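User: Hey, I'm new to this one. Can you walk me through a few spots on it?
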Amino acid sequence: MGCSSSSTKTRRSETSLRAALIIQNWYRGYKARLKARQHYALTIFQSIEYADEQGQMQLSTFFSFMLENYTHIHKEELELRNQSLESEQDLRDRWDYVDSIDVPDSYNGPRLQFPLTCTDIDLLLEAFKEQQDLHGKLDDLFLIFYKNGLPSERNPYVFNGDFVDRGKNSIEILMILCVSFLVYPNDLHLNRGNHEDFMMNLRYGFTKEILCKYKLHGKRILQILEELYAWLPIGTVVDNEILVIHGGISETTDLNLLHRVERNKMKSVLIPPAETNRDHDTDSKHNKVGVTFNAHGRIKTNGSPTEHLTKHEWEQIIDILWSDPRGKNGCFPNTCRGGGCYFGPDVTSKILNKYQLKMLIRSHECKPEGYEICHDGKVVTIFSASNYYEEGSNRGAYIKLCSGTTPRFFQYQVTKATCFQPLRQRVDTMENSAIKILRERVISRKSDLTRAFQLQDHRKSGKLSVSQWAFCMENILGLNLPWRSLSSNLVNIDQNGNVEYMSSFQNIRIEKPVQEAHSTLVETLYRYRSDLEIIFNAIDTDHSGLISMEEFRAMWKLFSSHYNVLIDDSQVNKLANIMDLNKDGSIDFNEFLKAFYVVHRYEDLMKPDVTNLG
Amino acid sequence: MADEKDREEIIVAEFHKKIKEAFEVFDHESNNTVDVREIGTIIRSLGCCPTEGELHDLIAEVEEEEPTGYIRFEKFLPVMTEILLERKYRPIPEDVLLRAFEVLDSAKRGFLTKEELIKYMTEEGEPFSQEEMEEMLSAAIDPESNSINYKDYITMMVIDEN
């Protein structure tokens, strides 16, 4: 007893208090930096996703350009199949087609009986559950049905678009939704999203999935899907109070127009309405009116302006499918995506008031928590695909509406066993994935970046300040990213804090299809490979996977002039020849494009797994 | 003198850009504001380590007269710039961290039991929330011995951060 021992006690507890504080402080700092890294990774994924969508929109102008010039120049060479319009006959043909499909006895998958009933829904769900390769979005759908119950008259659902693309089970999801719709047509509602668009499917994977899974009937299925998409409703109004649409609104959104517009005429975001529609001018010489592509080789020519929407109608739909809410008042072009707009809280209020609505529910943007509320509670973003970019990237959510009560949110995250990894490892995975795709962007612009770096490097030292390096990266890549924070992941920095700029390219290279190929050419073809794939598909009128050398040359000429690509035409020809892809004067374009890919440095791919104490 | 001033201006400009980048990542509505609950994360992501108490004071500095739940960039920037210029809230060096664990490990065994760690982290200092505690445990505790070998733990974390 006595003073000394109690002061020892106080001293001891003081030191342990200080020690605890130190550890807590350090841990919170560590956790915060993990969280920041997670957000950086998400930002990378999102920027690249939107930049790709912008690229997709840009193709739209190229297609118009191509249609004007291509068909005009090469009408004799190109076999323009003058198809008749979709008619009664086509409809009958479709039924005949379905009847003629032979399902062998050996098929042991689900067999649906028409008219469909809820047992057919169960059948499908059971069958798909047993598939080995279930990850991503199908798991999310199962989870929602498990938590919230299957759709029925007492359990109505609205699915807000983007059912397909990216995940591996898009067709299964679509089938479940369609069958459910047929069984409960008044209780299951489907809204069109910007990915319910055959042009988007070409870039984002669904077309490939169909052609892979349905070797015989794939093309026909794609044709039917093209129509199905166009008939999907553009939006749903719940209880006269809540507007549910995929993207957003603009200050000119006209719900009455959208209600009466003939939505089936909206084929694709990449097929804008013909300019002359408004004045019903049929100047056949220019061949501008009503020449459209679809992905299956049918170049329809028709002079009737009623086959298309007016420009105004088309833009109204684009706004609904592509817009994003932002905090700033007003309505601005959506520069990230290249279509639709950014709409502010004032626009939301204006439109909701105009139609006496209380709330807007939309999707279109991935949110870390699966949902986000903005514009004073008037706008809700709901995103149901968990782990959208990568394992651990985000939660999914759905919203449950009950009349008279406030909406409730349900969150989830479907993951494999690795879910129970500590946060650090999940962030690592996400970050590695994000940096990887960012490097692929960087290498695809190596020539332009190198030029930009060298312009800044007056002393030819091979080094730039972080600021200069960040400036070049942002300008050339067009990605608004936190370059300074990411610099340590992307480049070598010396002791003085300067960037060795050529190290931007050290961890990855584009595989050269043949030694003789010029680097710049290889880089360009790698960079535009997605766009080229879509263009090739559009030209490939019989969907054979082959186009003639003539078509290839003509298309390349147009492409390079429109995209300002400074590559000699002869170089491209030489490359095609060297690669010996000519099979009877045709090019197998899938093989051609597959030859352009990147290789990540070995060490990065085989990162050692840091063993964990937990 | 003029040179020094130039240099400082350049440094400040660089800090501004760095702060803006970190801020924008959390500015979800792209209107130059972030949720006040993210301020701690942003400050820490810039390499600073304020305690919860210090963070609380900082937030009071950057908040509006009438708190809205959001912090504006215009208010955040000068405060954060000063922190960086004065090199405030420096991160904890590895050896200090190790000594802190050793202090708690009075018996000098080289490890802390799960119960001990929980007790210290949730009862002393600026206590952890349940979520924070669970997260730390998931990475730190060796399930077989139900304890944390803090030396190994620190080494692992340091490698990870670099």
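Predicted model: local features only at pLDDT ≥ 70, side-chain atom pairs only at ≥ 80, totals over all residues.

User: Where is E29(B) found in chain B?
Analyst: E29(B) sits in the loop that runs between α1 and β1, with β1 covering 33-35.

User: And what is E29(B) in contact with, leaving aside its neighbours within four places in sequence?
Analyst: With those set aside, E29(B) is in contact with R326(A), G327(A), C374(A) and H375(A).

User: How far apart are E29(B) and K17(B)?
Analyst: In sequence, 12 residues; in space, 19 Å from C-alpha to C-alpha.

User: OK, switching to charges. Which residues form the negative surface patch?
Analyst: That patch is formed by D3(B), E4(B), D6(B), E8(B) and E9(B).

User: Take E8(B). Which helix does E8(B) lie in?
Analyst: Helix α1 of chain B, which spans residues 2-25.

User: Is E8(B) buried or partly exposed?
Analyst: Partly exposed, because its relative accessibility is 47%, and buried would mean under 20%.

User: Where is F181(A), and is it buried or partly exposed?
Analyst: F181(A) is in helix α5 of chain A, residues 170-183. With a relative accessible area of 36%, F181(A) is partly exposed.

Methods. Residues numbered from 1 in each chain as written. Chains lettered and ligands numbered in written order. Heavy atoms only, no water. Patch = residues over 30% accessible without salt bridge, like charges linked within 9 Å, V, L, I, M, F, W, Y side chains within 5 Å. Areas by Shrake-Rupley, 256 points an atom, 1.4 Å probe, with all protein chains shown as cover. Salt bridge = Lys/Arg side-chain N within 4 Å of Asp/Glu carboxyl O. Lys, Arg positive; Asp, Glu negative; His and termini not counted. Charge placed at Lys NZ, Arg CZ, Asp CG, Glu CD. Helix = DSSP H or I, 4+ residues; strand = E, 2+ residues; numbered from the N terminus. Buried < 20%, exposed > 50% of the residue type's maximum accessible area, 1.4 Å probe, protein only. Contact = heavy atoms within 4.5 Å.
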